[in-house]
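Let's take a friendly walk through a two-chain model, starting with how its copies relate and then turning to how they meet.

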Protein chains: 2
Amino acid sequence: MLATILHGPGDVRYGHVEEPEILKPTDAIIKLSATCICGSDLWPYRGLQPMAGPARMGHEYCGVVVAVGSEVRTVKPGQFVVGSFCLSDNTCPHCQFGFQSSCVQREFMSGAQAPYARVPLADGTLVPTAVMPSDDLIPSLLAVSDVLGTGWYAADAARVQPGATVVVVGDGAVGLMGVLAAKQMGAGRIIAMSRHKQRQELALEYGATDIVTERGDAGVAQVRALTNGIGADSVLECVGTQESMQQAIRSARPGAMIGYVGVPHGVELDGQSLFFSQTGMLGGPAPVRRFLPHLMDLVLSRTINPGKVFDLDLPLADVAEGYRAMDERRAIKTLLRV
Amino acid sequence: MLATILHGPGDVRYGHVEEPEILKPTDAIIKLSATCICGSDLWPYRGLQPMAGPARMGHEYCGVVVAVGSEVRTVKPGQFVVGSFCLSDNTCPHCQFGFQSSCVQREFMSGAQAPYARVPLADGTLVPTAVMPSDDLIPSLLAVSDVLGTGWYAADAARVQPGATVVVVGDGAVGLMGVLAAKQMGAGRIIAMSRHKQRQELALEYGATDIVTERGDAGVAQVRALTNGIGADSVLECVGTQESMQQAIRSARPGAMIGYVGVPHGVELDGQSLFFSQTGMLGGPAPVRRFLPHLMDLVLSRTINPGKVFDLDLPLADVAEGYRAMDERRAIKTLLRV
């Protein structure tokens with residue numbers, strides 16, 4: 001079949017690969033309903049993350065099961081399923097604590113920017129719907145797989161409470177999903193840090209009450225001004241750079257939690273500064289599996305519309321243009337139609 | 001009067017100082033019932049923290065009010081009081097959120113290793129007892145002021161839950177109080193990391209269920225073995241070095257919280273490692289004021305006996321010997337009788 005391969009920085013191709021097969025009795029094969037490009041795919045695309053060689057890309061997925069291994073019990077061919085980008089058995093102690101992204105059997109999904117994909121640990125990873133969802137819900141169900149689940153985890157880790165003041169650092173797709181999550185959790189004030197008009201508009205639509213366009217000292221001053229000098233109760237860090245992490249820390253009031261979900265690249269934290277600022281922190285790869293049933297319900301009941309974060313819709317064959325558009329920030333997030 | 005002055009590393013003297021006076025209308029003057037030496041006093045004593053010149057020492061205190069400024073409303077001469085080492089107004093937004101150690105008017109107590117001391121922000125800082133406590137309760141009431149309050153905050157920040165598995169890194173007085181706090185909060189298993197027999201015994205008395213004497217890789221392996229390879233739900237970091245912080249992080253299961261209360265000296269944290277380990281962290285100077293009423297009740301009802309952490313009892317005039325004994329680890333914590 002034809003699928004997406006990153007050959008090196010800036011070099012994405014839609015080329016021939018082997019069809020996926022059941023390799024282990026716990027595997028499933030799915031036919032993707034749609035897939036997409038993640039902000040984290042841009043790290044290697046931009047040459048900011050070392051690559052061992054050409055790599056199959058894609059870890060966000062939803063679709064219909066076409067085959068299952070002999071030990072798979074909870075999903076069957078013909079069912080529509082959504083899974084997390086982190087594959088997990090959902091039974092180990094870490095899974096039981098709700099941290100499926102640290103499952104003892106954890107693998108990261110790969111090769112999902114393709115018509116078909118193998119999903120290891122199918123029983124633990126995949127959640128089926130009761131009926132086949134409407135086509136118009138596919139983008140939102142796809143979003144649950146990573147970008148919404150990750151924004152949701154940021155808000156959960158930042159312990160957003162009803163009425164709370166929340167700052168969201170980063171106006172990429174995850175940041176926008178963080179705004180949506182904070183709104184759903186009842187935040188009273190949601191300050192989105194964004195310099196891009198289109199993203200600001202989507203942030204406002206998802207529930208942001210204030211937009212801060214400044215960064216650095218000016219951005220911190222603006223957050224302080226908006227919070228009577230106190231700082232935010234919860235901060236969602238959705239970028240992963242030293243600058244964005246400092247922005248998050250300096251936006252937080254003492255005792256606040258920062259939920260950080262941007263994979264840190266070059267982030268160093270000074271223990272004594274963190275200590276005296278009394279900044280709480282919890283981050284990591286999102287345990288999307290914990291949230292999947294709830295988030296799928298919210299989508300299926302049309303309570304939320306996370307799929308709107310896809311502002312570019314391309315056939316999978318045009319995946320290279322999808323990467324370019326996101327790299328050049330012409331698109332927030334690219335949906336790929338299979 | 002005669003009081004404690006640190007002239008330079010290793011040079012503690014009991015010498016003449018001015019009697020404290022009301023300087024602001026929000027001040028109180030107390031006659032100390034007892035005072036003590038803090039582990040943090042050893043940082044400058046050991047030359048590990050720069051000093052601007054000779055310094056009045058002591059920030060842990062309880063005693064009887066002898067004078068108050070014109071604006072003080074909630075305490076009056078003749079009352080027995082306990083206060084936090086962090087002075088706070090207890091009304092600002094940070095205080096209202098329970099982070100009095102980041103009060104907008106915060107000052108750190110000083111000069112308490114003395115017969116009399118000035119307590120700024122008396123209304124916000126001091127909590128009086130209904131009646132004059134028995135003499136035998138004085139050590140425990142003094143402990144509330146910092147060492148117990150700090151250990152308690154470590155357990156609170158680490159979100160110790162009933163039935164939880166807790167690791168306490170550090171067998172100093174704060175670590176031992178952390179054991180006591182975890183026990184009071186209902187922890188099911190409390191693993192104390194300690195290499196000193198006397199401290200191990202006190203840890204066991206305060207509620208530790210297991211003692212780990214190893215450090216570094218061996219210590220981590222031991223914690224893993226005791227927790228079926230999972231790691232702890234909550235970790236209390238009560239030292240403040242890079243080594244102890246790494247011990248704490250490596251003892252935690254994914255999603256666990258570390259409550260860190262040892263003032264970090266040279267601690268640097270790698271963002272990406274913290275991210276992938278999914279270690280939650282909250283630390284800082286303890287907001288003891290938040291816990292004061294509850295902890296004083298536990299002492300007055302003789303539910304807890306934190307005063308047992310004082311294993312050396314000296315007249316204030318012998319304060320230099322008190323520092324030496326703690327520096328040489330001959331004493332866990334020195335009580336100074338006024």
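To compare the copies, they are superposed by least squares on the C-alpha atoms of residues with pLDDT of at least 70 in both. The model here is predicted. A rotation of 180° with 0.0 Å of shift along its axis brings chain A onto chain B, with an RMSD of 0.0 Å. The two copies are therefore related as by a two-fold rotation axis.

Now for the contact itself. Chain A contributes 29 residues and chain B contributes 29 residues. On the side of chain A that touches chain B, at least two residues each come from helix 2 (93-96), strand 15 (252-260), strand 16 (268-270), helix 9 (271-277) and strand 17 (280-283) of chain A. Helix 9 of chain A gives the largest share, 5 residues. Sorted by class, this side of chain A holds 16 nonpolar, 10 polar and 3 charged residues. Because 100% of the interface residues of chain A are also interface residues in chain B, the copies meet through the same surface.

Strand pairing occurs between the chains and also within chain A, as these two pairs show.

| Strand pair | Bridges | Direction |
|---|---|---|
| Strand 16 of chain A and strand 16 of chain B | 3 bridges | antiparallel |
| Strand 18 of chain A and strand 19 of chain A | 4 bridges | parallel |

In the pair that spans the two chains, A:E268 has B:D270 as its bridge partner. Within chain A, A:P315 is opposite A:R337 of strand 19. Strand 18 (residues 312-315) and strand 19 (residues 334-337) of chain A form a right-handed β-α-β unit together with helix 11 (residues 319-327) of chain A.

Key
Residues are numbered from 1 along each chain as its sequence is written. Chains are lettered from A and ligands numbered from 1 in the order in which they are written. This is a predicted model: local features need pLDDT of at least 70, side-chain atom pairs count only at pLDDT 80 or more; totals for chains, interfaces and linings use all residues. Two residues are in contact if their C-beta atoms, placed from the backbone, lie within 7 Å. Ala, Val, Leu, Ile, Met, Phe, Trp, Tyr, Cys and Pro count as nonpolar, Asp, Glu, Lys and Arg as charged, and the others, Gly among them, as polar. Two strands pair if DSSP finds at least two bridges between them. A crossover is right-handed if, with the strands pointing away from the viewer, the path from the first strand over the helix to the second runs clockwise.
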